[in-house]
Protein chains: 2
Amino acid sequence: MAITIKDLADHLGLSVSTVSKALNDYGDISERTKQQVHAAAKALGYFPDAAARNLRRKETRRIGVVYCLSRTETQQKSEFYFAELRGAANAAEIADYNLVLYTLASAAQPDRLLRICQSKEVDGIILMAGGVDLTGQINMLTQQEMPFVVVSQRVEDPQVSFVAADNAGGGRLATLHLLDAGHRRIAYIGRVSLDPENSDRLAGYQQALTERGIAFDERLLRHTSDDPAGIREAISSLLAMPEPPTAIFAFNDNRAVSVLKILQERGLRVPDDVAVMGFDGLSFSSTSTPPLSTIFQPVTELGKLATQALLEHFSQEAQMPVRKILPVELIVRSSTRPIG
Amino acid sequence: MAITIKDLADHLGLSVSTVSKALNDYGDISERTKQQVHAAAKALGYFPDAAARNLRRKETRRIGVVYCLSRTETQQKSEFYFAELRGAANAAEIADYNLVLYTLASAAQPDRLLRICQSKEVDGIILMAGGVDLTGQINMLTQQEMPFVVVSQRVEDPQVSFVAADNAGGGRLATLHLLDAGHRRIAYIGRVSLDPENSDRLAGYQQALTERGIAFDERLLRHTSDDPAGIREAISSLLAMPEPPTAIFAFNDNRAVSVLKILQERGLRVPDDVAVMGFDGLSFSSTSTPPLSTIFQPVTELGKLATQALLEHFSQEAQMPVRKILPVELIVRSSTRPIG
DNA sequence: TGGCTTCTCTAAAACGTTTTAGCTAAATCG
DNA sequence: CGATTTAGCTAAAACGTTTTAGAGAAGCCA
């Protein structure tokens, strides 16, 4: 059995309250006593009971990480989510917080989130977004006055805190890279839904075209599902065009790798016949054939900043929402090359 | 502010204890009252305070997931760890438990684990192993009488519960596959440390040789660090042998992909000049060039079974340790092929 | 009718902390 | 020297549950 503060007090011949205050460094207690108490606590291996402290202090020092992922997303983007998680966990550990995991697989459990709030399981929540609509969750959390931060998805509502990568900037960077390599007909293979991630990357694509004075051609856009079949169809139709694209900008690295594979099946060489760009900068993008040019998102940093944003919410009373957009980086590898 | 059980009791004109018992379905309380209480609880959105319940019940319904990863491991095997985590999380959710994350980055914090035990932050612990010695942690947890399960590492001590993949079987399977393809000189590129994972895979390799009556040649073994430099050196020395190997069995997919890249740099074709096998079956093994033949580990299943093992520990009093070894699968892709 | 169950409820203790209010003795002040 | 502050401690309440012990009424048996 673990030792309690009462045992410690008895052992020292002091009252429980004195011991508690000594451990929590109140001005009330003499230095001599404090030292004795700390020494005894260390010697006897005393650690305060978490539940009792939580109850009395009305804080848990726990942060809930709620994963809201679409099924397909979960599979291949593990590296992405795990990196976010590590970033969040490290930042939390430094501040002496713990992370509690909640997987809201189906949005079918609306009261799951309600219970988390009402039963005070955590002090705040990080919403990990993955190609899924969060308005329901956001409304719930706002109404429950539970501090929260959305990570890796920009949120319109100016009251809501979020930390996301610069998807628009990334889309622009990728497209500029292809344009500057001499491409004029660049296809974009994006998601079906126009969620913030997808629409921002597309917006960046369009902006780059405008900057370079190239006309935007809607026929070069494809909105497909995540699976290889969807991608395959998109590529078929693109290559069947009278003037097929010379470059393909895929929504993310997963799609880009599928694109590589499908192009190879068709006997097309990358980057000679068609250039390919990805997005995310996950590690497998460097081991594909050819290695993928892509846009790197600072994923671990996203997690870290999300935690820090939440901690800010805890510390201050009347705080502004934290709305951060992190810069991304162009990584040039062998799937793109200046046109000869 | 969240509503308390006292508010609920007052609202119903009942005592606090009656309401509590009604909610927890005691035989003590009439059906009529139970129904009224449940209805009111639902209507008012009452959920019991987690900390108070934890304190009184002396259980947290939380499971700690302690990551013990070597630095290099963390990077590329995210998919692996995230899959384990998902498996564990799903199983936990079904049993109404939550997962708390602890990253024991450096083993330098011995009292971190002690605090987790003594302050009763969780009911039990899942030790996620990643190429790191766990004896310190295992001793601590045993001594503290904290229920725990080691996942993805076999443990010698027969008192300790673990769930791991059949590394020996996998090593055997991989080697048999290469032998049956006609290879006679098969190199093994393993870890420097002879941890259970590494030594089991190596043992399987040796067993396969014995089964097929091929002499074991120690000169074909390499024990290297995880980084490309280490792998590069191993390959150099292997290819410099008078009779170089015709196949390479790498400890895991990450190493195997490095091997592929290095062989290609040297102008060697895979599988024609040298065959390559990986281990793990992570998704990037299917997108490398050529796609990697490998041994698939049921990672999500590992996490799931670890949780279930822990739950068994909770429910039974005098329980046997759970010691499970899960079967693995040979996946044949293009990096291996029968010798013409 | 009187004692004994049985049924349904309640009062109060308990879980292990933190924190408020207050007490005692020494120190300070005019 | 008496009044007032101050330093250092303690008692007890509080946090929101669960659970033990028991109370009162109704039903049953002889």
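How many bridges join strand S6 (residues 186-190) of chain A to S7(A)? In this predicted model, local features require pLDDT of at least 70 and side-chain atom pairs count only at pLDDT 80 or more, whereas totals for chains, interfaces and linings use all residues. Residues are numbered from 1 along each chain as its sequence is written, and chains are lettered from A and ligands numbered from 1 in the order in which they are written.

Three bridges join S6(A) to S7(A), and the two run parallel; strands (E, at least two residues) and helices (H or I, at least four) are DSSP runs numbered from the N terminus, and two strands pair if DSSP finds at least two bridges between them. Within this pair, Tyr188(A) stands opposite Leu221(A) of S7(A). The open sheet of chain A contains four strands in the order S7-S6-S8-S9, with parallel pairing. Strands S7 (221-223) and S9 (275-277) of chain A lie at the edges with a single partner strand each, so one side of each is left without a neighbour in the sheet.

Helix H9 (residues 167-180) of chain A packs on the sheet and touches S6, S8 (247-250) and S9 of chain A; contact requires C-beta atoms, placed from the backbone, within 7 Å. Helix H10 (residues 196-211) of chain A also packs on the sheet, touching S6 and S8 of chain A.

Around DNA strand C there are 28 residues, of which Ile5(A), Ser17(A), Ser15(B), Ser17(B) and Thr18(B) come nearest; a residue is near a strand if its C-beta atom, placed from the backbone, lies within 6 Å of it.

Methods:
Two residues are in contact if their C-beta atoms, placed from the backbone, lie within 7 Å. Axes are lines fitted to C-alpha atoms, for helices over the stretch in contact, and angles run from 0 to 180 degrees between N-to-C directions.
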